[in-house]
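Q: I would like to learn how to read a structure from its coordinates. Please take the features one at a time.

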2 protein chains.
Amino acid sequence: MTSLHNLPTPAAIVDIAQMQRNIDRMQARMDGLGVRLRPHVKTTKCLPVVRAQQAAGAQGITVSTLKEAEQFFAAGITDILYAVGIVPDKLEQVLALRRRGCDLKLITDNAQVAQAVGRFGRDHGHALEVWIEIDCDGHRSGVPPESTTLLEVGRALAEGGSVLGGVMTHAGSSYDLDDPVALEALAEQERAACVRAAERLRAAGFDCPVVSVGSTPTALSARALPGVTEVRAGVYVFFDLVMANVGVCRPQDIALSVLTTVIGHQPAKGWAIVDAGWMAMSRDRGTQRQRTDYGYGQACMPDGVLLDGYVLSGANQEHGILSRAGAPDPDIVTRLPVGTRLRILPNHACATGAQFPRYEALDAAGASVAWERFSGW
Amino acid sequence: MTSLHNLPTPAAIVDIAQMQRNIDRMQARMDGLGVRLRPHVKTTKCLPVVRAQQAAGAQGITVSTLKEAEQFFAAGITDILYAVGIVPDKLEQVLALRRRGCDLKLITDNAQVAQAVGRFGRDHGHALEVWIEIDCDGHRSGVPPESTTLLEVGRALAEGGSVLGGVMTHAGSSYDLDDPVALEALAEQERAACVRAAERLRAAGFDCPVVSVGSTPTALSARALPGVTEVRAGVYVFFDLVMANVGVCRPQDIALSVLTTVIGHQPAKGWAIVDAGWMAMSRDRGTQRQRTDYGYGQACMPDGVLLDGYVLSGANQEHGILSRAGAPDPDIVTRLPVGTRLRILPNHACATGAQFPRYEALDAAGASVAWERFSGW
């Protein structure tokens, strides 16, 4: 039986039971708020995970690349939102997917792109569905809900013969918060901005059936979502140390970890050297400016018990430096001898998962099975 | 013809002519210093690149994972140094490679591991070759050259029946420097520490034929290398912005870039949004504490001309935020309209390359051919 004791290291471990608890928690919350859940599958790019999300009640998926759309459509999922602004160069691939039966929706925040999508659709006799991206917090893309651009984009879509399917926004700045009151306020800001954009479009005579919002922190902090039809969230399926610092999970809720082996020490410095460097953990230092800086990750014993204060304080490509924050551990050699196996909780589950070609999914009996994941574009 | 104008974005572009100039520069330097060059292939994990290094005169390779050893041995390369401290759990895979004819060398800095390697070799009737890792600058692993541990490890290897093949060190702290005088001094420190360790082992009666040192910055800064038999270096093959800040290359020497497309703007902020986020660039922020902070990368036009001051100031998974450092560009929308293609120079070529399943190698005529690279363990 393959298990934590004989898997080659480093390996990306998924605790299936914990993942299921995370899925159930989010789905129950969305059911309670009366909205559909459209998980963002960029976190895992892994079919067994997405199947578990669908089985729990999710409806449709969100993707960040057309490769994700291709792969999940090939697995039978048709209701797909491509949530990165479309450019004309990518329309041929979009059209091919739609002609094969994929109900692929696009987004834009740009009137010229909206016109180009319309032209492309007319040239090919196929109306494409586009949602308008709304900026609710200034963190990245989108048009402000009160802007004239919003109506220009709506008009360009409608006049071009495209289907204006809805509006969508993502309060990415929620990752910078760590206070429940501020999170609830941002969730309301996200909701209000997106609903307002939909109301303005409708008042101008356009259809706007979908109102789509979401990020893991706001999804778990919203008190009510009137006017919203669906929520998108990704990282909740595994959670990570960034989310623990934001305050929407505990470290023990994290379902993804990197299995590693102690390969040496620097006793005078209190260092154990492990075979999980940044190639395994990723270079993500998302907790650097948060409440607790976990370096490149928080160490646990193989059974998941936290090694309080022991973090990956440094990382080279295939080397991690494990040390105790504050006072170096003078007994590191005897506490964690060469060959000791540890699990490292990641700062950012999306980034760490992307370093691996597969997850090793661990069932309640401790047996592991390989769950393939894909990467690239 | 596939070229910069029609490749799907994001894509990892290798400028073949520039790569060859980088290879030739390092090889000529090593030839002049009278030492062998053993390139570290963890940077590229790509056979056409390694073939070009071998064709220029490199002898043997350095790897950071046993998967790299497997893959390059399958391609016919037999002289391989696995430059991460060995642990007993990995010896079965090592033995299988050696029995198939791979001249795989291991490293350790630990007497107990040395004993375990000896036991394993005796149990299987096969003497393994091990080099002792030396700590020359305190940055990571290795035994100090003046330590008693050095001789204990040597004795454990010799008494255990292993082959003590040599000593090796890596002045990883060279990445923190940016002054030619300090770099030359560190190169001498690296050399002296490793040569001293070899001398102490020989004085104690042990063979120690190989003295192996190296990092790209010290390899390009050493004035002379008496006593050294070989140098290891990896990132020089492509170079990157970290190396430009260290001062051992210019930005225009960088042979790797990420091709990206402008997908939108935030005009009031002077932002262009591009489809190269951290999934393409990696999360590496290696220039953050250097002389020039390039954010997630330096923008160039497709012909390689630098867009001075324009960097990826932010990155989400599939979104990059391109902006001008200092004063926001009020003309960003007309300067870089939606659909514009750009190339982004990476902070860290090893990390950025690892995000892609292949490089698109560009010849002098502008045609691209796919060079596969592998990942994982």
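Q: Which conventions apply to numbering, chains and confidence?
A: Residues are numbered from 1 along each chain as its sequence is written, and chains are lettered from A and ligands numbered from 1 in the order in which they are written. This is a predicted model, in which local features need pLDDT of at least 70, side-chain atom pairs count only at pLDDT 80 or more, and totals for chains, interfaces and linings use all residues, while side-chain values use heavy atoms, with hydrogens and water left out.

Q: How are two copies of a chain related in general?
A: They are related by a rotation about an axis and a shift along it. The superposition is by least squares on the C-alpha atoms of residues with pLDDT of at least 70 in both copies. Here a rotation of 180° with 0.0 Å of shift along its axis places chain B on chain A, with an RMSD of 0.0 Å. The two copies are therefore related as by a two-fold rotation axis.

Q: Which residue of chain B comes closest to the rotation axis?
A: Arg283(B) does, with its C-alpha at 2.4 Å. The same surface serves both copies, since 100% of the contact residues of chain B recur in chain A; contact means heavy atoms within 4.5 Å.

Q: What should I look for in the backbone angles?
A: Most residues other than glycine have a negative phi, and most peptide bonds are trans. Exceptions can then be listed. The peptide bond from Thr9(A) to Pro10(A) is cis, with omega near 0°, and the one from Thr9(B) to Pro10(B) is cis with omega near -5°. Pro10(A) is in the segment before β1 of chain A; strands (E, at least two residues) and helices (H or I, at least four) are DSSP runs, numbered from the N terminus.

Q: Which loop holds Lys45(A), and is Lys45(A) buried or exposed?
A: Lys45(A) lies in the loop between β2 (36–39) and α2 (47–55) of chain A. Although not a glycine, Lys45(A) has a positive phi of about 45°. Lys45(A) is buried, with a relative accessible area of 2%; buried means under 20% relative accessible area, exposed over 50%, and partly exposed in between (1.4 Å probe, protein chains only). In chain B, Lys45(B) is also buried, at 2%. Leaving out residues up to four places away in sequence, Lys45(B) touches residues including Met279(A), Gln317(A), Glu318(A), Glu68(B) and Phe374(B).

Q: Where is Ser282(A), and what is its phi?
A: Ser282(A) is in the loop between α10 (278–281) and β12 (298–300) of chain A. Its phi is positive, about 80°, although Ser282(A) is not a glycine. At 3% relative accessibility, Ser282(A) counts as buried.

Q: How do I check the length of a helix?
A: The expected span is 1.5 Å times one less than the number of residues. Helix α6 of chain A (residues 148–160) has 13 residues and should span 18 Å; its end C-alpha atoms are 18 Å apart, which agrees.

Q: What lies at the ends of α6(A), and what covers its buried residues?
A: Ser147(A) caps the N-terminal end of α6(A), with a side-chain oxygen 3.2 Å from the backbone nitrogen of Leu150(A). Just after α6(A), Gly161(A) takes a positive phi of about 90°. Among the buried residues of α6(A) are Leu150(A), Val153(A), Ala156(A) and Leu157(A). Their cover includes β5 (103–108), α5 (111–124), β6 (129–134), β7 (163–169) and α7 (180–203) of chain A.

Q: Which residues does Tyr175(A) touch?
A: Tyr175(A), in the loop between β7 and α7 of chain A, touches Pro217(A), Val235(A), Val242(A), Met243(A), Val246(A) and Gln290(A), not counting residues up to four places away in sequence. Tyr175(A) counts as partly exposed, at 27% relative accessibility.

Q: How are cavities and pockets told apart?
A: On a 1 Å grid over the protein atoms alone, a cavity is a set of points where a 1.4 Å probe fits but cannot get out; a pocket is an open set with protein on both sides within 12 Å along at least five of seven lines, and lining residues have an atom within 4 Å of a point. Grid points are joined across faces, edges and corners, and a volume is the space filled by probe spheres set on the points. By this rule there are six cavities of 30 Å³ or more. The largest cavity has a volume of about 80 Å³, and its lining includes Ser282(A), Arg283(A), Ser282(B) and Arg283(B).

Q: What lines the second largest pocket?
A: The second largest pocket is lined by 27 residues, of which Pro8(A), Thr9(A), Pro10(A), Gln93(B) and Trp377(B) lie nearest its centre. Its space is about 500 Å³.

Technical notes: Polar contact = N/O pair within 3.5 Å; in protein donor to acceptor, adjacent residues only side chain to side chain.
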